[in-house]
Amino acid sequence: MTQHQRLLIIDFGSQVTQLIARRLRELNVYCEIHPFNSVTDASLREMAPQAVILSGGPASVTQEDSPRAPKAVFEMGVPVFGICYGQQVMMEQLGGQVEAGHHAEYGRAFIAPAPGHKQDGIFAGLFGTGREEVWMSHGDRVTSLAPGFEVIGTSPNAPMAMIADETRHFYAVQFHPEVHHTPNGRTMLENFIRLAGFTGDWTMASYKDEAIRKIREQVGDRKVICGLSGGVDSSVAAVLIHEAIGDQLTCVFVDHGLLRLNEGDEVVKMFRDNYNIPLIAADEADLFLGKLEGVSDPETKRKIIGGLFIDVFQKYATQIEGADFLAQGTLYPDVIESVSFSGGPSVTIKSHHNVGGLPEKMGLKLVEPLRELFKDEVRELGRELGLPESFIGRHPFPGPGLAIRCPGEITREKLEILRKADAVFIDQIRKHGLYDDIWQAFVAILPVRTVGVMGDGRTYDFACALRAVTSVDGMTADYYPFTHDFLGETATRIINEVKGINRCTYDITSKPPGTIEWE
């Protein structure tokens with residue numbers, strides 16, 4: 001466990017609990033999310049948080065057996081901040097009253113200051129324009145305050161929208177300060193952590209030094225193997241571990257024949273030229289493409305690729321004598337979801353990135369130096385480690401690679417066409433200075449041929465779909481609003497430069513209802 005000052009977020013199942021943690025990390029505060037039913041008096045004593053935040057959630061405190069916070073949270077003498085359901089839990093447990101059946105409130109709302117009450121504590125600096133814009137999402141509401149609390153702000157449908165007990169440093173709001181729809185939510189969180197005495201000791205420089213020390217303590221003089229995909233997570237993990245233990249680390253990079261244009265060479269060159277990391281570059285394209293021949297069902301493709309990747313990785317890993325550890329790029333969202341308070345399934349780990357099943361199968365222990373980090377923090381750590389920006393800022397790339405951008409049967413011909421078209425599209429995006437504005441962009445080659453005219457001749461070639469989306473975390477996404485001039489120029493380049501495509505379309509489906517990838 002990290003030695004930084006800690007803030008505990010008790011999760012009641014809100015869809016945006018992770019946003020609370022991300023906002024706090026941006027403020028250089030280390031925090032951990034734990035489901036309400038995993039927090040005990042003993043774990044509270046062990047963690048010794050300097051403050052606690054109670055998240056929102058879908059339940060109603062008026063229902064029997066609805067979630068509650070551990071009683072000890074309110075007896076520790078540390079500041080507590082309740083958000084939405086967290087406010088209602090706080091009131092219910094401390095002697096207030098919450099009622100259902102009132103007018104529900106979803107979306108934008110405005111909070112007015114309560115007459116006669118100062119806006120201090122975590123509400124200092126608010127109401128500069130006379131009211132606060134916030135984001136509401138609630139059906140129940142507090143109707144009676146617990147002893148010691150007073151109303152700081154009100155809205156028509158939440159008369160106790162902001163409340164505080166300054167003596168105990170307990171604060172609560174009915175809205176969500178963690179979402180960007182609450183413009184001054186960051187101010188409230190900044191005020192809360194300052195009041196709780198946080199000094200902002202969570203930085204990537206300190207994390208890097210601490211992670212290196214932990215890796216050295218865990219590994220000692222033994223060896224580590226790391227499955228390198230070329231993506232941000234595995235690349236950062238590999239460089240961090242190498243900085244800790246040097247040539248005790250060996251990376252295994254498997255080219256399954258489903259990479260983008262020149263990608264395999266670029267990954268190998270970067271690591272061999274810049275880091276001198278022992279690296280096994282395994283060209284297994286014939287094996288993968290042979291097993292995928294004639295397969296068109298997307299789920300079957302994924303299973304074949306995942307199974308082969310494990311087999312191939314195991315083959316090369318067993319050649320490394322004395323390897324006791326397997327390194328993986330597990331991130332904090334994976335950890336959070338694997339202990340979901342609702343008992344839901346763990347996030348599916350893509351076999352191209354994290355080698356599921358191998359640690360147990362081969363008797364290896366795991367090294368997961370990124371398991372406390374969010375994706376944006378991994379990129380920040382990569383910069384701290386000196387990775388090239390071209391790798392740190394790369395768009396996400398799926399484990400099955402181009403297999404899921406090639407609906408229908410996969411052939412070498414289609415993959416070659418797809419690689420070239422994708423390279424043109426990405427070149428266009430970079431040329432127009434749009435790459436960093438886009439979460440993910442790629443070309444899908446469609447399983448249809450269309451009639452076209454080129455010169456004086458008839459063509460009967462593939463159609464392709466361009467896909468580019470904006471997103472924060474990949475859970476939801478919207479299409480990027482390219483200009484018609486950009487789309488026209490890009491389509492012309494692809495058709496002129498890529499033999500085998502005579503028609504381009506642009507996918508403007510959001511997620512949901514669509515997914516980002518085509519399969």
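**Entry 1**

I began with Gln 174, which counts as buried because its relative accessibility is 1%; buried stands for under 20% relative accessible area, exposed for over 50% and partly exposed for what lies in between, with a 1.4 Å probe and protein chains only. I note that this is a predicted model, in which local features need pLDDT of at least 70 and side-chain atom pairs count only at pLDDT 80 or more, while totals for chains, interfaces and linings use all residues. Residues are numbered from 1 along each chain as its sequence is written, and side-chain values use heavy atoms, with hydrogens and water left out.

I located Gln 174 in the loop between strand E11 (170–173) and helix H4 (185–195). Helices (H or I, at least four residues) and strands (E, at least two) are DSSP runs, numbered from the N terminus. I then asked which side chain makes a polar contact with the side chain of Gln 174. I found that of Gln 88, at 3.2 Å; a polar contact is a pair of N or O atoms within 3.5 Å, where within protein one must be able to donate a hydrogen and the other to accept it, and residues adjacent in sequence count only if both atoms are side-chain atoms. Leaving aside neighbours within four places in sequence, I listed the residues in contact with Gln 174 (heavy atoms within 4.5 Å), among them Cys 84, Gln 87, Gln 88, Met 136, His 138 and Asp 140.

**Entry 2. Helix H3**

After H3 comes Gly 95, with a positive phi near 110°.

**Entry 3. Strand E4 and its partners**

I looked next at strand E4 (residues 80–83): Val 80 and Gly 82 point one way, Phe 81 and Ile 83 point the other way, and all are buried. E4 pairs with strand E3 (residues 51–54) in the parallel sense over three bridges; two strands pair if DSSP finds at least two bridges between them. Ile 53 has Phe 81 of E4 as its bridge partner. With E11, strand E4 forms a parallel pairing over four bridges, in which Val 80 is bridged to Phe 170.

**Entry 4. Leu 8**

I found Leu 8 in strand E1 (residues 6–11), buried with a relative accessible area of 1%. Not counting residues up to four places away in sequence, Leu 8 touches several residues, including Glu 32, His 34, Val 39, Leu 44 and Ile 53. I also checked Val 267, 259 residues away along the chain, and the C-alpha atoms of Leu 8 and Val 267 are separated by 38 Å.

**Entry 5. The five-stranded sheet**

I traced an open sheet of five strands in the order E14-E13-E12-E15-E16, with parallel pairing. Strand E14 (279–283) and strand E16 (365–367) each have a single partner strand, so one side of each is left without a neighbour in the sheet. From one strand to the next, the twist averages 30°; angles run from 0 to 180 degrees between N-to-C directions, and axes are lines fitted to C-alpha atoms, for helices over the stretch in contact.

Strand E12 (residues 223–228) pairs with strand E13 (residues 249–255) over five parallel bridges, and with E15 over four, also in the parallel sense. Val 224 stands opposite Leu 249 in E13 and opposite Phe 325 in E15. Leu 228 has Phe 253 of E13 as its bridge partner. I counted five of the six residues of E12 as buried.

Which strands does helix H7 (residues 263–274) lie across? I noted E12, E13 and E14, with H7 running at about 170° to E14.

**Entry 6. Helices H14 and H15**

Finally, I examined helix H14 (residues 412–431) and helix H15 (residues 484–497), which pack at an angle of about 145° with their axes 10 Å apart. Among the residues making the contact are Ala 421, Val 424 and Phe 425 of H14 and Phe 486, Glu 489 and Thr 490 of H15. I sorted the residues of this contact into six nonpolar, two polar and five charged; Ala, Val, Leu, Ile, Met, Phe, Trp, Tyr, Cys and Pro count as nonpolar, Asp, Glu, Lys and Arg as charged, and the others, Gly among them, as polar.
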